[in-house]
Amino acid sequence: MDPITAIAAFNASYAVVKTAAQNAGEISQIFAGIGKMIQAKQAVEKATKNDPEKSDLELYANHVEMQQKWDEVVEILKWTGHWDGYQKFVQDRRESERQEKLKAVREKQRKIKIYQDIAVIMGGIVAAGVIIATFLWAVSTAKG
């Protein structure tokens, strides 16, 4: 997503969150809007880092604008009583993602260990076969 589209998405999501909060705190719309805001904010931050055409002043202005709007959303969440629940949800989600990554790393290490064990066993079998073949050859040569 290019930065201009992401900023537009961020602003649109912000408007949805504000409207939903004003309409008796429609929680599903508030959090759907927040999710879109976060995605757009991350897209802007990622895109602007890779965009040498943008000046530092433009990047800073975008950052300040998004931060001010995000601070307003935080205030809305605090006033509606959802901030602590949201923080816990985010923390639980991050921990779940961390556990999934850790599980994937452990699975990869387990597979590597299995392949190493197979290689050692096959090497042992080949070495034993060579030793036995050499022994049989030596015995047959000595006999005759």
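The chain holds 4 helices and 0 strands, where helices (H or I, at least four residues) and strands (E, at least two) are DSSP runs numbered from the N terminus. Read from the N terminus on, the order of elements is α-α-α-α. Please note that this is a predicted model, in which local features need pLDDT of at least 70, side-chain atom pairs count only at pLDDT 80 or more, and totals for chains, interfaces and linings use all residues. Residues are numbered from 1 along each chain as its sequence is written, and side-chain values use heavy atoms, with hydrogens and water left out.

I turn to the chain totals. Of the 144 residues, 19% are buried; buried means under 20% relative accessible area, exposed over 50%, and partly exposed in between, with a 1.4 Å probe and protein chains only. The accessible surface is about 10,700 Å², and carbon and sulfur atoms account for 61% of it. These areas come from the Shrake-Rupley method with a 1.4 Å probe; for residues, only the protein chains shown count as cover. As for contacts (heavy atoms within 4.5 Å), 70% of those between residues at least 6 apart in sequence join residues at least 24 apart.

K69 lies in helix α3, residues 56-80. Why does K69 count as buried? Because its relative accessibility is 16%. Beyond its neighbours within four places in sequence, K69 is in contact with F10, N11, Y14 and M37.

T19 belongs to helix α1, residues 3-22. With a relative accessible area of 41%, T19 is partly exposed.
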